[in-house]
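Please study the structure shown below and then work through the exercises in order.

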Amino acid sequence: MASSEPAIQGSLFAAEEAPEEDLKQDFDAVKPRRRSHPGSKPLASKEHIAAADSSNELPPWHHHSLVDPAALPPMLRHYVELKAAHPERILLYRLGDFFECFFEDALLANQLLELTLTGKEGGKAHGRIPMAGIPHHAAERYCSELVRRGYGVALCDQVETTAAKGALLRREITRVLTPGTLLEEGLLAARRNNWLAAVVLENERWGLAVADVSTGEFQVYEREGLAELLQELTQLQAAELLLPGLEHGQANPLPPWCPPFLSLTPQLRTPFESSHASRCLKQRYGVQSLEGLGLTAIPLALRAAGGLITYLDASQPGSTLPLGRPVTVFAGDALVIDQQSRRNLELTATQRDGQFQGSLLWALDRTHTAMGARALRRWLEAPLLNQTAIKWRQEAVAEFVAARPLRQAVRRLLRPMADLERLAGRCAAGHANGRDLVALADSLERMPLLSSLLENCRAEPLQALLQPRPTLAALAELLRYQLLDNPALSLTEGGLIHDGVDEQLDDLRNRLDEQENWLAQVEKREQQASGNTNLKLQFHRSFGYFLAVTRAKASQVPEHWIRRQTLSNEERFFTPELKEREGRILQLKARSQQREYDLFCKLRHQVGEAAAEIRAAAKAVAELDVFAGLAELAATQGYCQPEIVTGCCLEIQEGRHPVVEQLLTDKSFVPNSIALGEQINLIVLTGPNASGKSCYIRQTGVLQLMAQMGSWIPARSARLGLVDRLFTRVGAVDDLASGQSTFMVEMAETANILQHASSKSLVLLDEIGRGTATFDGLSIAWAVAEHLAIHIAANCIFATHYHELNALADTCTNVQNFQVAVLEKENELEFLHKVVPGGASRSYGIEAARLAGVPAAVVERARQVLKNIENKQFQTI
């Protein structure tokens, strides 16, 4: 790396630390504070701006494309040229200590970030141009808000420290920030992946490439069916989607197969064409043929991967983001869970308000590291279908459950470990700072300690950490040797490298120490000459070195002192000798700081070259963290190791819902059992409202899912066969966006289940048919249950208020009736939350209404109406 590169190349944002007074400001990331540009004047009132935005004839300064570049000053002309190359992104242009934006970007920043709108002279032809800016040390906070709102940001920074005579400082786009290309710790959610996706479509067939540039993971898919594509994108929760063939700068509506939360980025078709994509991938991975990458048999995925790589290279000028080789994900690799089932089971967010607390992941997550948390989420979202792989994970969890001291020792070592995956990526991309490298060294030093703890472990998954990694051990030693234990945040002001590392740096520091000694002598000498022992020799970035005395002593200073500045309580002076020496001192400081920066960049580059090996070690640590966390959960919550068997088997003794159990504080969870298999594979479950039917069926799905991800489960014992798909239909709401009623949503979900479920699936249905007239609903519910029992023969729980469905057990030998027991006490109802054999004869809806707080008069009237209906006395209602 060239020594003339500024610190912005090494750290995306701050080249120096924020002033103390700025750090004390309480910054709200959602509503950033206003700031005024020093000495600037407001451009226009809010009413003027609003009128300009709404008028058909916009003023010439409103949009960069409406101005004549030749008539602009050189700096603004350069801005317009860069903006034309990035029209879809907000361009932040470095000017001194600020990142500024102009024209339409300034108006947008004014609205989104509540920045004060100011102006800059645009020449006689254009007058004042709108301008808004942010301090460079606060850029990460503001960029985070822009990206969170789905905007891309192009950062134009100074790439030289001194301009040629009569020329502007050279500035270039050094970084493009979009939702899917983030590397910075402050812009990413630590405990989940940040996926960038690219899709290529041909009729109903699609190729999908997804990459997390912060961790280096790269996956490709190729399949049939747009519903499957929606399923994959929803499961991944991709941050940004690249789609070729759309128009830049136009409002491109989301395709129907695209989840609504995605940020859509239009792309040209060329990077996604086969020839271009193949060439790009060969160059990236240094191969002569794509056969070694496994992409020749999936041409659409190949095109998507090539387009994604092209986009990444454009977002990181002058640097190559490290990505692992693409991993092909095949259909059948994981348990399929559709989006509705994911919502119903609340895998990663609650159904009511989308919160993490209360989700299944919240209940299971005992990991200590960010990389472990991401691995656990991936396991939960894609449970296994391979019996051997599941047992492989179970063995590792079992070993930690049985060895409490080992588990606790491992977790103590894991707790302070940094995010190795993302640190390696930032180093390789040239964005890591000194503290990142120290954290990396600390974490790498823990690897041998973890290995020594696991020496006697027998579980095969734990053997991955026992592999010797001499390269990483040497790297950690090098980082410790060269870097200070607490390096400065800035990369250009020194405070990074130990003494004794570099002879040239040591020489410069020695010469600086001599100058510091000289300054101390000058201060002492001038104190004696002036007779003022309170005199101080100080330094100011703008004024250089000066002698400071109080106003009362200012008249007594020696004649050779020259006045520099007058303050309210202080006078500042300098001497010719001090001024002459100042230049040499500042030059030495600059050379010393530049040498430290060069040494740091070289060290960071060495770390970046080891990114692949660091990430391999990080993967092993992440899995270890998951195993230890699941073991901690199992040991402290009383979980059991489920027996994974072949065939259609679902036997759980005294199972519990892991989330509900942890949320209950005033009473204990009532466990329930279930037995489905070759003889009985459909349960008709009846019982009152609010008695626990929905919890029971969700619990069954959650425990099956946990078992297939390799976890232990909350139960006394369990024998489970593998299921290929898990379907749930629990509750429904109107889909106002598509104009579908509750009943139509319910029927669409039911149709999807009946079309895709197999004898190896698990189907969990609640209240089918309740959204229409009673007899129509009963008929539909009966037909659906009968079809599942006879034609599909999937393991199924069918919860219903239609007690007539209990008769299905008389005609189908593989159907059995169960009910949630209640205890009646003189017009009072106590829910026992216990599932027992037999069918309920009543729904107790009125009692449930009373328990929910419906006024007593309404409850009593409801009882009278029910009695008349049961006696068929409709005329007296």
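Two exercises with worked solutions follow.

The model is predicted, so local features need pLDDT of at least 70, side-chain atom pairs count only at pLDDT 80 or more, and totals for chains, interfaces and linings use all residues. Residues are numbered from 1 along each chain as its sequence is written, and side-chain values use heavy atoms, with hydrogens and water left out.

**Exercise 1.** Determine how the axes of helix α11 and helix α19 cross.

*Solution.* Step 1: locate the helices (DSSP runs of H or I, at least four residues, numbered from the N terminus). Helix α11 covers residues 370-381 and helix α19 covers residues 611-637.

Step 1: consider the axes (lines fitted to C-alpha atoms over the stretch in contact, with angles from 0 to 180 degrees between N-to-C directions). They come within 8 Å and cross at roughly 70 degrees.

Step 2: classify the angle. α11 and α19 are therefore roughly perpendicular to each other, a class that spans 65 to 115 degrees.

**Exercise 2.** Describe the salt bridge between R563 and E571, and state whether each residue is buried or partly exposed.

*Solution.* Step 1: apply the criterion (a side-chain nitrogen of Lys or Arg within 4 Å of a carboxyl oxygen of Asp or Glu). In the pair R563 and E571, the closest N and O atoms are 2.6 Å apart.

Step 1: The structure holds 41 salt bridges.

Methods: Helix = DSSP H or I, 4+ residues; strand = E, 2+ residues; numbered from the N terminus. Parallel < 35°, antiparallel > 145°, perpendicular 65-115°, else oblique.
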